[in-house]
Structures are given as C-alpha cells and as structure tokens.
Amino acid sequence: MNKYLYDVVIIGGGPAGLSTGIKLAQKGLKTLLIERGRFCGAKNLFGGVVYTSSIKEIVPEFPEVDPSPVERPVTEEGYFFLSKEGVVKILHTKKRADESFTALRAKFDAFLSEYALKKGIDLAPKTKVIDFIRNNGFIEGVIVDRPTSFEDPSPATIKAKVVVIAEGVNRLLTEKAGLVTKTFEPEEVVLAVKEVLQLPKGELEARFGLSNNQGLAVEIFGEITKGLPGTGFLYTNKTTISFGIGIFLKSLMDLNLKPYEILEYAKLHPYFRELFKGSETLEYGAHLIPEWGIKGLPKPYGNGVLVVGDAAGLVNPLFREGTNLAIYSGLMAAEAIFYAFEKGDFTERSLRRYEELFKDSFIYKDLVMLKDLKTFLLSNSHLFQVYPEMIYDICSLYFSAQGRYKRDVIREIFGIIKKKRGYWGILRDFVKIGRFLW
Amino acid sequence: MLNILVSIKQVPDTTNIRINPETGTLIREGIPSITNPYDVVALSLACELKQRYGGKITVITMGPPQAKASLREAVEFGADRIILLCDKKFAGADTLATSYTLAETIKFLQKDDPFDLLLFGKQAIDGDTAQVGPGVANRLNIPVITYVIKLQDIDLINKKIIVHRKIERGVEVLEASLPVLLTCEKELCATPFVPLEQVIKATKAEPEVFTAEGPVIFTREKLGLKGSPTQVKKVFTPELKKQGKIYNLEEVPLEKVIEEIIGVLKEKGLL
Ligand SMILES: Cc1cc2nc3c(=O)[nH]c(=O)nc-3n(C[C@H](O)[C@H](O)[C@H](O)COP(=O)(O)OP(=O)(O)OC[C@H]3O[C@@H](n4cnc5c(N)ncnc54)[C@H](O)[C@@H]3O)c2cc1C
C-alpha cells in the first residue's frame, strides 16, 4: 500500500492552488498542497493589486484578519502617460477604499497558506513535483523530488483521486499531463520585472500625497517601456513602492533588450529620478505573465486532473486581473471536484464540470472578447509610442498658453496631432480600438 | 539509543544584511530570518545519529515568537520535541544570561531522562561569540568539545565518543565520555534531503512554549537584559590583517614550496 494517500493533491502554492485547497479542506477532503518554494510566495512575484471581493470568497472574514496581508487600500487609481520629458497623469479617487488593496507576494501567499493550514490541508513546502503516477490514461497521483521516508530513499509517490495543477505560467506539468501540446512562443508571454523600493521614512506619504491608510495604483504607458507594447506599474505599499514593467518577450528578443536595463532606464527618467530620490532597492525579480489568449489555453481537465490559474492561461492584462482569476478558477475546480466525489467518478466525464463552470463565467467571456489582444497590441505598437508623447506635448502647449493668441495655440496643437499621427490616423486608431473592444 | 539535545537560534540572514552607515548598527527591518547555519549542521548530525542509533531529539531555542519557524524546521530533521523559550524577560540577553537560561532549561528537561549528547552550532552568525555552547557545558558540569569537524565513533556501551576538532594548525582527535557537549563546524555533517513526511509534519508542528514563569524555575536577576553585564560600545567592521600562507610539508613537496616563496618575493620586487 502507498504511504501517501490523499483525496486531492494540488501542485503549486500560488493563489490558484491555495484557494482550491481552502475550499476543499472546508468540505473535509483530505488535501495535500505541494510547493517547491521555501514557503508559499517565496518563489513568486506580482504587482500587486488584489481585489477584495475575490479574497472574501475564500476568507470570508477578510479584511478583519491578523496578521493582514494588506499593504495599503487602493484609494487612488489611474494612468500615467510618460513622454521623454515628463508625464500626464489621470488619477481618480475611488468611491470605495475597500475594493482593492496592494500586497506583496511573499506575505500574501504566506497569509493564504497559513489560512489553508488552519482549515486542515497538508502542506509540503520545499518540495517539487517531478511527474505523475499514470495508469491507463489516468492520472492517479504525483511523484516528488523528496525521499519517501528516512528508511526509504526512493522518490515519494502520492496517490490521489484528483490532481490539481496550479503550477503557474511555466506549464511544464500541464504539458506532461498531455493537456497542452506545445510550449509557448515569445509573443505569447509578457516578461515582467519589478523592484521594491524603500523610500526614506515619511517620504512615501509626502511624495505621493497620501495619508497612512491611503494608497495609489497606476499603470504607466509610453516612454516607460521605451514605447514598446507593454506597461509599467507603480503601487504603494506600507513603506515601500512596487515599481515595474511588463513587455512582450518577443519585443525584447527582437531588439535584444534586457528587461532590467529598461527598468534602470525608466528610473533615470527625470520624473522618476526625482520621485525615487534617496530610495533603496530591497527586492528585484522577474516573472512571466501568460498571454495565450483563448486559442492557446490548455484543455483544463482530463482523467483525474484539472488545471487552474496562470497555468490555465487565466490572466486579463488589460484589467490587471490575474490573482482574482486564479482564485475564481480554484473555486470552480473545487466545485467540480465535489461533484466528482458525489458521483464517485473521477474521469473526464465528471471533471468536465469544471470547464462548464468556466465557460459560464465572466473569465471565459473576457478571454473570448480579448482573444486577439496580443496580435492587436503587437501590430499596433505605435499606440504606445505616439500617443503618450503627443498627449504630453499637447498638454505642455495648452498649459503654457498664457499671453498668446489662443487660436494660434490651438492651431499649433492641431499641428502636433497632424505631425505625430494625422487626423486620419487617429480616427483609424479609434475605430480599431472600438472594434476590438466591441 | 541516544538522547540528543540540540540548541538552535534564529538569526537574520546576514547575506542580506546592511549596516546603517550613520549609527553603525544592523538594519534588521525587512531582513529574512533563517536558522543559524551552524545550528543546521547540529540538526543534521542529530538527524543522522537518530537514524543510525535510534533515540530521541529535543530541540530548544530562545527567541521571539517568529523563532517557531526554526523549531518547525527542526522537525524536518526528525525532532521529537520542540521548545521555545519566549518571554520579554529573556530579551536582551548576552552570552552569560543566555547560557544560564539554556542550562537551567536543559537541567529541567533531563531530570528524568538525561541527555547523552548536546549539540550546539560553533557560533551564531549574527554575534560570532562562540561562547554559549561552552557556557552551557560549564554550568551543566559536562565536557565540551568545540569546533568539531568529524564524529569518528560513538560507543554506546562504554558511553564514549571520539571526535575530530579543528584547531588553528591542524586537527585534534579527542575522546570524551558521554554526556558531552559539541559545537559544530560546517564540515561535520552535510544537510540531509529530508523525506516528504517530515516536511508535512513540520508545517503542522506547534512548539511547547516556556516562559520566565515556568515550568523552569529561574532566578529573575540572571535573565535577559538584567542578567547581562556585556555592553556594546561600538560595532565596526574589522580590518582584515594580512595573512601569511601555511604549507603542510606532508602534503606539499618542499621544492614546490620554495618555488612558490621565490615567486612571491620576485613578484614583490624583493628578489
Ligand atoms: C510582475 C507581475 C505583476 C502582477 N500584478 C498583478 C496584479 O497587480 N494583480 C493581479 O491580480 N495579478 C497580477 N499579476 C498576475 C498574478 O500574479 C498571477 O496571475 C497569479 O499569481 C497566478 O496565480 P497561480 O496560483 O495560478 O500561479 P503562481 O502564483 O505563479 O503560483 C504557482 C506556484 O506553483 C509553484 N510550482 C510550480 N511548479 C511546481 C512544481 N513542479 N512543484 C511544486 N510547486 C510548483 C510555484 O513555485 C508557484 O508558487 C502579476 C504578475 C506579475 C508577474
């Protein structure tokens, strides 16, 4: 008999795996979650802004929790358009401060894993899943890199009725399970790099005009990515700033650019140089974001197996959704698993339930809507180049129009538009964007 | 069967440490904590010995509540009992107060079942004093062997142990009777790749917490800051003295050494 017997084994302790685990444990299923990092969150990275409603689905008492993973509530949110010389900001003060909050991965995932442990799951950190136990086209468990016991040095095998793959963007096991046929191409992933910057005490509040329980979250376009398709981001934490960029891997490879060079370059921009003066880099990291779109999604279920979160390609880059989608997919997976246990059938036939739930959800609809996003962005890279510069130049003229005949100013503004993109160009862009989103 | 005690400490990961240039003190904020690497060697040895001879491992640490993480890690190595000494009254202890607190705790723990082997790291990487192990041994009135690099043999019947100890120029081979306290060097034992069941067990392990009030009875004046006569005057980075090279002629042929010396002298323009 096998030493390790579980109802469900989950591979990966990110938000997707942990929320699956929490839900399963609540219903009393014997669950083991395996995470290769020193602890959950140790090997990971995100912006990150997290949406409260999704957390409440798994931790109903949130945000009344101690210790809390919240850095700051997001009270101001918007966009920066960065030109070579300066920035135009669009910020809005949010109606509700409790909708979303900033968090740091190491603390956030650790919080969820503590919670999951309390709910009764078994957790195996520092352990890597290397393969599956297979039987007649069925996945019946996993094999890990650790020994079985002090007496038996052979790799431990863990039997389970269902295996949930929550391995994140590097979908190696999803591939091994035969649920996706090819690895991804450079144009199908965004490479994100991020730094956590510490400002001198009190400076964060002073420089961003925030009080202690206010926070800022902005996406940055234009010069921040050197005009390449992608965005930058800046989120305020308790005493630090998360600052990073995400660019299609393909653009980076085509131009032979190193992402951290672009980030360093961005920090030298006059606006950010001033904003980050006297800061110290506490952390630095890089991570991929899947942008497979609806066509590149793996089959999310098989005999004895489900795929959730980033591994299943569930990210909406336009609306900065990833963590919440990971959580929702975990919930749907849990529901499908309950269904399978009710039926006592762990074949595709009952686990297909997961895909049905998924196809009914807004996540799927969004993915359908944005199905050509990467092609759209990569073939319209001028949007990232032309517009931020243009917007900045127009604002510069407009806001220094004093003491001049205003018709001349307006004429000059139209001159800029004509030169940078042309009226027809702009019209075409609008139609294109409109069509894409419709 | 061996009854083993391991004493460990949670320390800031000094590979990440920064010094505040203005005050000259360590910036501890935001620095991840790890188990003192030499204590990990002690745990590894305990783990290996338990597999070989059977027995029991008790692990103690004194520290803040976060130090529980290090005790959980100890469970991965097969610890059977884990104890956290945690109390504001223990805080601010120097090596004197620490040795006292640990020694009293060990006396309490071994009342019915005396330890055969007490394992400490050679030093903690955040203080580098290397005094606590010997201090505890002294209070327990047992032999201590510091800087152990190899455990050659344990004779459970005659209660004897043979170990190799690092000294400045070479190695001492020592025999001692059990119980004995060893402080461990890196070379003593490799970290084992612990099995899955221990890792799972560790995440759920809850240490027993001992405070200044009990169950061990302490003399209040000897605890924590009160019991610590050491005062830190200044923290600074010592300048590295120029180091000579030492060749062991049993390992390196004389001709080669002479050649090297001539080479160095020529390089310095002295020859
Ligand atoms: C820079 C950046 C910024 C982001 N910002 C945001 C944001 O602001 N808001 C938002 O909602 N989303 C954001 N995202 C996206 C979000 O982080 C992801 O969508 C989310 O983390 C996906 O969760 P997951 O659990 O599917 O995968 P992951 O979080 O990637 O977790 C996968 C886990 O599996 C483990 N693992 C992998 N393989 C194995 C194996 N073989 N054995 C054991 N363990 C394994 C990994 O160590 C990892 O912990 C951002 C992403 C990046 C990179």
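Which helix of chain A holds both A:Lys250 and A:Asp254? Both residues sit in helix α6 of chain A, which spans residues 249-254. They are 4 residues apart, about one turn of the helix. An α-helix has 3.6 residues a turn, so residues three or four places apart point the same way. The side chains of A:Lys250 and A:Asp254 join in a salt bridge, with N to O at 2.9 Å. A:Lys250 counts as partly exposed because its relative accessibility is 29%, while A:Asp254 is exposed, with a relative accessible area of 54%.

Please keep in mind, as you look around, that this is a predicted model.

## Where the two chains meet

Let us turn to the contact between chain A and chain B. Chain A brings 26 residues to the contact and chain B brings 18 residues. The size of an interface is often given as the accessible area lost when the parts come together. Here, chain A and chain B bury about 1,800 Å² between them, and 60% of that is on carbon and sulfur atoms.

There are 8 residue pairs in polar contact between chain A and chain B, both residues being at pLDDT 80 or more. On the side of chain A that touches chain B, the elements giving two or more residues are β1 (4-11), β8 (122-124), β10 (138-147), β11 (155-165) and β16 (280-290) of chain A. Of the residues on this side, β10(A) supplies the largest share, with 4 residues. Sorted by class, the side of chain A that touches chain B holds 14 nonpolar, 4 polar and 8 charged residues.

## Salt bridges, within and between chains

Side chains of opposite charge can pair when their charged atoms come close. Over all chains, the count comes to 39 salt bridges, and 3 salt bridges are found between chain A and chain B. One that you can look up is the salt bridge between A:Lys126 and B:Glu76. A:Lys126 belongs to the loop between β8 and β9 (129-135) of chain A, and B:Glu76 to helix α2 of chain B. With a relative accessible area of 25%, A:Lys126 is partly exposed, whereas B:Glu76 is buried, at 8%.

Helix α2 of chain B covers residues 68-76, and its buried residues are B:Ser70, B:Leu71, B:Ala74, B:Val75 and B:Glu76. After α2(B) comes B:Gly78, whose phi is positive, near 100°.

Within chain B, a salt bridge links B:Lys122 and B:Glu185. This pair ties together distant parts of the chain, 63 residues apart. B:Lys122 lies in the loop between β8 (117-121) and α4 (132-140) of chain B, and B:Glu185 in the loop between β12 (180-184) and α5 (196-204) of chain B. B:Lys122 is buried, with a relative accessible area of 14%, and B:Glu185 is buried as well, at 5%.

| Salt bridge | N to O distance |
|---|---|
| A:Lys126 and B:Glu76 | 2.9 Å |
| A:Lys250 and A:Asp254 | 2.9 Å |
| B:Lys122 and B:Glu185 | 3.4 Å |

Salt bridges also form a network in chain A, linking A:Glu77, A:Lys94, A:Glu99, A:Glu219 and A:Arg320.

## Inside the chains

The largest nonpolar core has 83 residues, and the members that touch the most others are A:Ile34, A:Val59, A:Phe132, A:Val142 and A:Ile158. Helix α9 (residues 323-343) of chain A gives the largest share of this core, 12 residues. Leaving aside neighbours within four places in sequence, A:Phe132 is in contact with residues including A:Ile11, A:Val142, A:Val163 and A:Leu173. A second, separate core has 40 residues, among them B:Ile4, B:Cys47, B:Phe77 and B:Leu188.

Is A:Thr174 buried or exposed? A:Thr174 is buried, because its relative accessible area is 0%. This residue lies in helix α4 (residues 172-176) of chain A. Beyond four places in sequence, A:Thr174 is in contact with residues including A:Ile165, A:Pro298, A:Val307 and A:Ala311.

A:Leu204, in helix α5 (residues 203-208) of chain A, counts as buried at 3% relative accessibility. Not counting residues up to four places away in sequence, A:Leu204 touches residues including A:Arg72, A:Leu199, A:Thr239 and A:Ile241. A:Leu204 and A:Asn135 are 69 residues apart in sequence and 57 Å apart in space, C-alpha to C-alpha.

How values were computed:
Residues numbered from 1 in each chain as written. Chains lettered and ligands numbered in written order. Predicted model: local features only at pLDDT ≥ 70, side-chain atom pairs only at ≥ 80, totals over all residues. Heavy atoms only, no water. Contact = heavy atoms within 4.5 Å. Buried area = accessible area lost by both parts, 1.4 Å probe. Salt bridge = Lys/Arg side-chain N within 4 Å of Asp/Glu carboxyl O. Polar contact = N/O pair within 3.5 Å; in protein donor to acceptor, adjacent residues only side chain to side chain. Nonpolar A, V, L, I, M, F, W, Y, C, P; charged D, E, K, R; others polar. Core = buried A, V, L, I, M, F, W, Y, C linked by side-chain atoms within 4.5 Å. Buried < 20%, exposed > 50% of the residue type's maximum accessible area, 1.4 Å probe, protein only.
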